[in-house]
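Trainee: I have this one open and would like to go through it with you. Where do we begin?

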Amino acid sequence: MDWLFMTKWSPYAVGIAIGIMSWLTFYLSNKPIGCSTAFARTSGMIEKLFIGRKVDEKEYFKKFPAKIDWEWMFVFGIIIGSFISAQLSGSFEAVMVPQLWANTFGSSAIPRLLVALIGGILMGIGSRWAGGCTSGHGISGTLQLTVSSWISVIFFFIGGIIMAQIIFNVIG
Amino acid sequence: MLTKLHSKSKLQLFLALLAGILFGFFLQKGGVSNYNIILGQLLLTDFTVIKIILTAIVVGMIGIYGMKSLGLVELHPKSGSFGKSVVGGLIFGLGFATLGYCPGTISAAVGQGNLDALIGGIIGIIIGAAIFAQWYPKLNKKFLHLGDFGDIRFPGLLKVNAWIVIIPLSVIIIGFLYWLESAGY
């Protein structure tokens, strides 16, 4: 059982495990894995605290009702699963500024938090705009050979590679 | 198909939680819950992310299409368009590099203690999703269907049996991964 306590697995072992897990979610739940709608539903649930039932009348939340569903529980599970894995290997650590960022932009928290917030906003818009994320399009969609998912994931990486160059080799 | 099991909504939420726990466990063990690894991929210095995704695609694809031929599962392809997939994909990409996590890996990052993910990123994604929901009626009418190609899959597009796509694609992916390893990535 040593593998449960290892800090890192081979990426191929992880890929095989995720592939097999996707068989199970299709078979047992009739669901492909995906993460980004959970964030959209959460935004609706928060909006509900302020404007109440009006949220349900919005066109977007008619399509994706602002409530806890399969994908929401799945995303909640990710936090728990990662916590368990990090505890078992002793790699759990409260970190504010990641090493690679700190090497270029320093270890001050505020700049990193602001950039993470802006990046998060872009990701929230982009993932719902494209109709999926690295899980929903990048794994579930591609493995079903869906054309829209292959195009989306290729542009995720094109946008990401360009932006990473700008951040670390132009600005940084 | 286990239609009876699929209709038990409370049990399904529990299964979703279990599947999520497994997924989070795997992401953390793979190291892709780390900003450094994800940015390493986008800077083309670390290929962990692409190795995991491509391996999951090969294994997932063969299993899902195998189960589909046995009538055990049905597919759920998403529809797309130029306006949706290309433009949305690029915006996602800009966010991907700026944030350093995606919606799945950021949840794993929170679980292992990354506070920039919890305080900055998660809040940002929720705000971004709220903005998109606000824009959605107009965007949907004017932009998201530009160059619409629906939920077509490659076997349908090429008018061939799915395995005519799956087998060569698997060979190409495995060959590419082999090349990555032998090139020292």
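Mentor: With a term: helices here are DSSP runs of H or I of at least four residues, strands are runs of E of at least two, and both are numbered from the N terminus. Keep in mind that this is a predicted model.

Trainee: Fine. What is the order of elements in chain A from the N terminus on?

Mentor: Chain A runs α-α-α-α-α-α-α-α-α-α. That is ten helices and zero strands.

Trainee: And how many helices and strands are there in chain B?

Mentor: Chain B has nine helices and two strands. Its order from the N terminus is α-α-α-α-β-α-α-α-β-α-α.

Trainee: What are the dimensions of the two chains along their principal axes?

Mentor: The C-alpha trace of chain A spans about 45 × 40 × 35 Å. For chain B the box is roughly 50 × 45 × 40 Å.

Trainee: What share of the contacts joins residues at least 24 apart?

Mentor: In chain A, 53% of the contacts between residues at least 6 apart in sequence. The corresponding share in chain B is 62%.

Trainee: New topic, the core. Which residues touch the most other members of the largest one?

Mentor: A:Ile18, A:Phe74, A:Phe157 and B:Phe23, in a nonpolar core of 84 residues. The largest share of this core, twelve residues, comes from H4(B).

Trainee: Take A:Ile18. What does it touch?

Mentor: Leaving out residues up to four places away in sequence, A:Ile18 touches A:Ile139 in its own chain, and B:Phe23, B:Phe26, B:Leu27, B:Ile52 and B:Ala56 in chain B.

Trainee: What is in the second core?

Mentor: That core is separate and has 15 residues, including A:Phe64, A:Trp129, B:Ile91 and B:Ala129.

Trainee: Which of its residues are buried?

Mentor: In H9(B), the buried residues are B:Ala162, B:Val165, B:Ile166, B:Leu169, B:Ser170, B:Ile173, B:Leu177 and B:Leu180. They cover an arc of only 120 degrees around the axis, so they are on the same side of H9(B).

Trainee: And what is exposed on the other side?

Mentor: B:Ile164, B:Ile167, B:Val171, B:Ile172, B:Ile174, B:Tyr178 and B:Ser182 are exposed on the other side of H9(B).

Trainee: What do the buried ones pack against?

Mentor: The buried residues of H9(B) pack against H2 (11-29) and H10 (147-171) of chain A, and against H4 (48-69) and H8 (154-157) of chain B.

Trainee: What is there at the start of H9(B)?

Mentor: A side-chain oxygen of B:Asn161 comes to within 2.8 Å of the backbone nitrogen of B:Trp163. After the helix comes B:Gly184, with a positive phi near 90 degrees.

Trainee: What follows H2(B)?

Mentor: B:Gly31, whose phi is positive, near 85 degrees.

Trainee: Which residues other than glycine have a positive phi?

Mentor: Among them are A:Asn30, with phi near 55 degrees, and B:Lys159, also near 55 degrees. A:Asn30 is in the loop between H2 and H3 of chain A, and B:Lys159 in the loop between H8 and H9 of chain B.

Trainee: Buried or exposed, those two?

Mentor: A:Asn30 has 16% relative accessibility, and the cut-off for buried is under 20%, so A:Asn30 counts as buried. B:Lys159, at 73%, counts as exposed.

Trainee: Last one, A:Arg112. Buried or exposed?

Mentor: A:Arg112 is buried, at a relative accessible area of 0%. This residue is in helix H8 (residues 109-130) of chain A.

Trainee: What is it in contact with?

Mentor: Beyond its neighbours within four places in sequence, A:Arg112 contacts A:Met96, A:Val97, A:Pro98 and A:Trp101, as well as B:Tyr35, B:Thr98, B:Leu99, B:Tyr101 and B:Asp116.

Key: Residues are numbered from 1 along each chain as its sequence is written. Chains are lettered from A and ligands numbered from 1 in the order in which they are written. This is a predicted model: local features need pLDDT of at least 70, side-chain atom pairs count only at pLDDT 80 or more; totals for chains, interfaces and linings use all residues. Side-chain values use heavy atoms; hydrogens and water are left out. Buried means under 20% relative accessible area, exposed over 50%, partly exposed in between (1.4 Å probe, protein chains only). The arc is that of the directions from the helix axis to the C-beta atoms. Contact means heavy atoms within 4.5 Å. A polar contact is a pair of N or O atoms within 3.5 Å; within protein, one must be able to donate a hydrogen and the other to accept it, and residues adjacent in sequence count only if both atoms are side-chain atoms. A nonpolar core is a set of buried Ala, Val, Leu, Ile, Met, Phe, Trp, Tyr and Cys residues joined through side-chain atoms within 4.5 Å.
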